[in-house]
Amino acid sequence: MRRKSLKKIIAVSMATMMAFSMAACGGSKSDTSKEKEEMDVTLDQIKLGEDYTDIKADLKFLTHRTDIVDTDFEKYKQEFNKMYPNINITYEPITDYANDVTTRLSTGDWGDICMIPTTVDKDELGNYFQKFGQYDSLSKSYDMLNNFRYGEDIYGIPSMANAQGIVYNKKVFEQAGITEIPKTPDEFIAALKAIKEKTDAIPLYTNFAADWTMSAWDAYISGSATGDPDYMNVGLLKGKNPFSDRGDGTGPYAVYNVLYEAVKQGLTEDDPTTTDWEGSKGMINQGKIGTMVLGSWAVIQMQQAGENADDIGYMPFPITVSGKQYATAGPDYCYGINVNSSKDNKIAAMCYIKYLVEQSDYAQAAGAISVVKGSELPEVLKDFDGVELVVDNPAPEGEENLFGDVNNDSELGINVSGVMPKQVVEEATSGTKTMKEMSDEWNAAWTAAQEANGIDPQ
């Protein structure tokens, strides 16, 4: 799907969205015809279990985690209700989350808490979401607050954070004679070849048919591929032809070329259109798959998908920059509170989000990184010893929307829709275009978008 900002979706299809919202939205209602109830409570001011314990509210929570609505989320509600017995929480699981929620946000009547989709532009945040507080205060307690920061205001709190690497089956690697973790694209392709030659496992499973899984590849083109925390908002955004081959196995080209070569050389599943996301979890657990390119959040799911949890490992993406490996780290989905909810509902929502971030095991259960300052790295990252985690720096003031605008105008959908990795699989399968031909197309689209937004590529 091409990336569209919420502004464009509203302008093009408001009538359709309003009709959809009347049919799809239930639970707690917000009267958007009334003036928003102002609230000066901030997340850092709340003392869990002490403040607002008598508050009454019915909250609706839109979630992408369809797999744990009846398990972990029920546990969290019960634990939270021991402190806040009068706050009722109803989860609404959504499968096509980003698309559906992007549509529903425009109505204002979607519930009270959601995981903020990346389609919301920074300067639109205040139109849809309640402020949690200011960066200087919140950053004393939490890491990685830049995704939904506009100026000094924070509109989204990360549910957890991920490091970007590759899920792999240790036993498959052992059977293939792979004794060291690959550190370069060439070493990784060589490892995939060994898996194909010496085992019955699929060397690299793309999960192409799931669609959303393909956008995972975009997450490696910044810190993992360059070691530069400013790459996204400087090197990529303002650089000249950033998708070109650097010739040293680094940068975005190197990331996508790993996928291209794997598909082209027959090191992936036979038919990408028939992949099965849920089935792949058990397959890698059973040693039927060697590797999958996914964030660290996926490790626990693969470990829990069978009896061979100890066989599942996680390794850095195979790129080395000047002799050192890096791994992009950043927040997963961020919690947002509906700015149109009642004041009591907003306070209740803030209390619940604070509980989820600070006291629940949501991040730990996913094998992810807690954003609470001082938290230890999860066990799944033990193979990242000596690897430097890179968190993207925020855009300069006044340029908060610039990357999104260029990304949108280029129609490349970086970190949104997986346009480029999906094209890579398609072209490598058909053999109609080379990596250079695709990268030339991407550069042309990116350059045109840069110029349209007043950027002179350097």
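Trainee: Does Cys351 count as buried or exposed?

Mentor: Bear in mind throughout that this is a predicted model. Cys351 counts as buried, because its relative accessibility is 0%. Cys114 is also assigned to the buried class, because its relative accessibility is 0%.

Trainee: How many disulfides does the model contain?

Mentor: The general idea is that a disulfide is a covalent bond between the sulfur atoms of two cysteines. The cut-off applied here is a sulfur pair within 2.5 Å, and by that rule the count comes to zero disulfides.

Trainee: Cys334 lies in strand β14. Which residues of that strand point to each side, and are they buried or exposed?

Mentor: In a regular strand the side chains alternate between the two faces of the sheet. In β14, which spans residues 334-337, Cys334 and Gly336 are on one side while Tyr335 and Ile337 are on the other, and all of them are buried, so that both faces of the strand are covered.

Trainee: Which strands pair with β14, and in what sense?

Mentor: Strand β3, residues 113-115, pairs with β14 in the antiparallel sense over three bridges, and within that pairing the bridge partner of Cys114 is Gly336. Strand β7, residues 157-158, also pairs with β14 in the antiparallel sense, over two bridges, with Tyr335 as the bridge partner of Ile157.

Trainee: Turning to helices, how do α10 and α16 cross?

Mentor: The axes of α10 (residues 251-264) and α16 (residues 419-430) come within 8 Å and cross at roughly 30°. That angle makes α10 roughly parallel to α16, because angles under 35 degrees count as roughly parallel. The crossing of these two helices is right-handed.

Trainee: Which residues make the contact between α10 and α16?

Mentor: From α10 the residues are Tyr256, Leu259, Tyr260, Val263 and Lys264, and they meet Met420, Pro421, Val424, Val425, Glu427, Ala428 and Thr429 in α16.

Definitions and conventions:
Residues are numbered from 1 along each chain as its sequence is written. This is a predicted model: local features need pLDDT of at least 70, side-chain atom pairs count only at pLDDT 80 or more; totals for chains, interfaces and linings use all residues. Side-chain values use heavy atoms; hydrogens and water are left out. Buried means under 20% relative accessible area, exposed over 50%, partly exposed in between (1.4 Å probe, protein chains only). Helices (H or I, at least four residues) and strands (E, at least two) are DSSP runs, numbered from the N terminus. Two strands pair if DSSP finds at least two bridges between them. Axes are lines fitted to C-alpha atoms, for helices over the stretch in contact, and angles run from 0 to 180 degrees between N-to-C directions. Angles under 35 degrees count as roughly parallel, over 145 as roughly antiparallel, 65 to 115 as roughly perpendicular and the rest as oblique. A crossing is left-handed if the near helix is turned anticlockwise from the far one by less than a right angle, and right-handed if clockwise. Contact means heavy atoms within 4.5 Å.
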